[in-house]
Amino acid sequence: MRLGSVLTGVVVCALASAGSASADVNVYSSLPRQGTSAEQTRAVEQGIRLALADFGGRAGGLTVNYIGLDDSSRSNPGTADEEQTRRNAVRVAGDRFAVGYVGEFNSGGSKVSIPILNRAGILQVSPSNTHIGLTRRGPGTVPGEPERYYPTGRRTYARILPTDAVQADVLATLVRDSGCSSVSFVWDGSQYGAGIVVSARRAARRLGQRTSSTVMLSKDLGRALRSRARRVTAPCVVYGGVTGNGAVEHFRALAAGHPGRRFFASDGVAETAFSHPRAGGIPASIGRRTLIAVATLGVRDLPDAGQAMAARFFAAYRVRSIDPYAVYGYESMRIVLDAIAGAAPRGNDRGAVVDAFWAAGVRHGVLGTYSFDANGDTTQRRYGIYGISGGWVTYRRAIVAR
């Protein structure tokens, strides 16, 4: 449905400026508009536009123009395409009116855009990145991270989701709270999966959990998969990995002969291709005993400000449900707009906007009360726990990482 047909009053006025050449400052987004992420990133953009509407299309006395870019391509539709992401970042860096950037959706895309925007001094806020190495060193990172992303030596990037390190703590907390007598750890051979498993195992031990085997199941094990899966001995399994690296086959092998085994998975499998049998996903019998940690919270667990934002979202877009990523798109844009306003009367100065972001301190936003540390990471430690119902990944509750 067309956005203009569902918004009225100040909302229409604020959105009418999009694409206009008369704006005082420009704020961009860079998100994959094609492929499997399209529905989530459409929600991000809807949240961005609602935030701009709530500001009346202005911040710090300046008219703000929002411009949305696609960082995917036809050849790589489901995630950020490296070359397209680079083109987006270069375009924004070369726009003398650009002072803010919401993106990327995928951590891999941010590895490309952060250095370009950092050189340009543009504030960048991601609504969805969780890779630890974008902001700090730790399990799952590579040599040179995060310094390689900040050639100026100054931090210009922040993300509003907790990192994979927090996700690992969440998985360990969830296992403990689920009463598991012992837990095994499995990863898919990827750097991402290894980082989750290493951190989750450490957290589980810290919480007093009895840990068992740690096993790698790669995509190309073939006939050896079941043999390797038999090395996993515990009644509970923490899985770190992504759907595309053989997760469905891994879960089938891990479940074989273990009808009561429970699974606790990282966010890399929080998609229909993993959860729904008709999409080639895991059988329903496995789905019923699988919980997935995802950084996004359901609307019902948001604070009053988040509830009010959701009500405005429903009224503006005339929808019956709200994708959690709309909330994170909204909050990301609010952060950029607050920084522009905080930099007044220099809201059109990139350096002043970045300074205002770092000077903001504690935030009281739609996600609750939080702040950013010196690395650009949120102090939030609440995660969403999702189950699988009828093949769909479904929000269950919030959990705080211990």
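**Exercise 1. The disulfide**

Cys180 is buried, and Cys236 is buried as well. In this predicted model, determine how many disulfides the structure holds, and describe the link of Cys180 and Cys236.

Solution. 

Step 1. Count. The structure holds 1 disulfide.

Step 2. Check the distance. The sulfur atoms of Cys180 and Cys236 are 2.1 Å apart, and the cut-off for a disulfide is 2.5 Å.

Step 3. Assign the handedness. The torsion about the S-S bond is -85°, and the link of Cys180 and Cys236 is left-handed.

Step 4. Locate both ends. Cys180 sits in the loop between α5 (164-177) and β7, while Cys236 belongs to strand β9 (residues 236-240). The two cysteines are 56 residues apart, and the pair links distant parts of the chain.

**Exercise 2. The sheet of 7 strands**

Give the strand order of the open sheet of 7 strands, and explain why one side of β8 and one side of β15 have no neighbour in the sheet.

Solution. 

Step 1. Write the order. The strands follow one another as β8-β7-β9-β10-β11-β14-β15, and the pairing is mixed.

Step 2. Find the edges. β8 (211-216) and β15 (392-400) stand at the edges; each has a single partner strand, so one side of each is left without a neighbour in the sheet.

Step 3. Examine one pair. Strand β7 (residues 183-187) runs parallel to β8, with 4 bridges between them. Within this region, Val186 is opposite Val215 of β8.

**Exercise 3. The sheet of 6 strands**

Trace the pairing from β3 through β1 and β4 to β5 in the open sheet of 6 strands.

Solution. 

Step 1. β2 (58-59) and β6 (157-159) are the edge strands, and each pairs on one side only.

Step 2. Take β3 and β1. Strand β1 (residues 25-31) pairs with strand β3 (residues 62-70) in the parallel sense, over 7 bridges. Val25 has Val64 of β3 as its bridge partner.

Step 3. Move to β4. The pairing of β1 with β4 is also parallel, over 4 bridges. Here Ser29 stands opposite Val102 of β4.

Step 4. Go on to β5. β4 and strand β5 (residues 123-126) run parallel and are joined by 3 bridges. The bridge partner of Val102 in β5 is Val125.

Step 5. Follow the connection. From β4 the chain passes through α4 to β5, a β-α-β crossover that is right-handed.

Step 6. Look at the cover. Helix α3 (residues 82-93) lies across β1, β3 and β4 (98-102), and runs at about 160° to β3. β4 is mostly covered, with 5 of its 5 residues buried.

**Exercise 4. Asn118 and Arg312**

Decide whether Asn118 is buried or exposed, then treat Arg312 in the same way.

Solution. 

Step 1. Asn118 is part of helix α4 (residues 107-120).

Step 2. Apply the cut-off. The relative accessible area of Asn118 is 2%, and buried means under 20%. Asn118 is therefore buried.

Step 3. List its surroundings. Leaving out residues up to four places away in sequence, Asn118 touches Tyr149, Tyr150, Pro151, Thr152, Gly153, Arg154 and Thr156. The side chains of Asn118 and Thr152 are joined by a polar contact of 2.8 Å.

Step 4. Turn to Arg312. Arg312 lies in helix α11 (residues 304-317). Its relative accessibility is 32%, so Arg312 counts as partly exposed.

Step 5. List the contacts of Arg312. Residues up to four places away in sequence aside, Arg312 touches Leu50, Asp54 and Tyr330. Leu50 is 262 residues away along the chain, with 8.2 Å between the C-alpha atoms of Arg312 and Leu50. A polar contact of 2.9 Å connects the side chains of Arg312 and Tyr330.

**Exercise 5. Backbone geometry in loops**

State the backbone feature found at Glu104, at Pro345 and at Arg318.

Solution. 

Step 1. Glu104 is in the loop between β4 and α4. The peptide bond from Gly103 to Glu104 is cis, with omega near 0°.

Step 2. Pro345 is in the loop between α12 (324-342) and α13 (350-359). The peptide bond from Ala344 to Pro345 is cis, with omega near 5°.

Step 3. Arg318 is in the loop between α11 and α12. Its phi is near 55°, a positive value in a residue other than glycine. With 59% relative accessibility, Arg318 counts as exposed.

Definitions and conventions. Residues numbered from 1 in each chain as written. Predicted model: local features only at pLDDT ≥ 70, side-chain atom pairs only at ≥ 80, totals over all residues. Heavy atoms only, no water. Buried < 20%, exposed > 50% of the residue type's maximum accessible area, 1.4 Å probe, protein only. Contact = heavy atoms within 4.5 Å. Polar contact = N/O pair within 3.5 Å; in protein donor to acceptor, adjacent residues only side chain to side chain. Pairing = 2+ DSSP bridges. Axes fitted to C-alpha atoms, helices over the stretch in contact; angles between N-to-C directions. Right-handed = clockwise from strand over helix to strand, strands pointing away.
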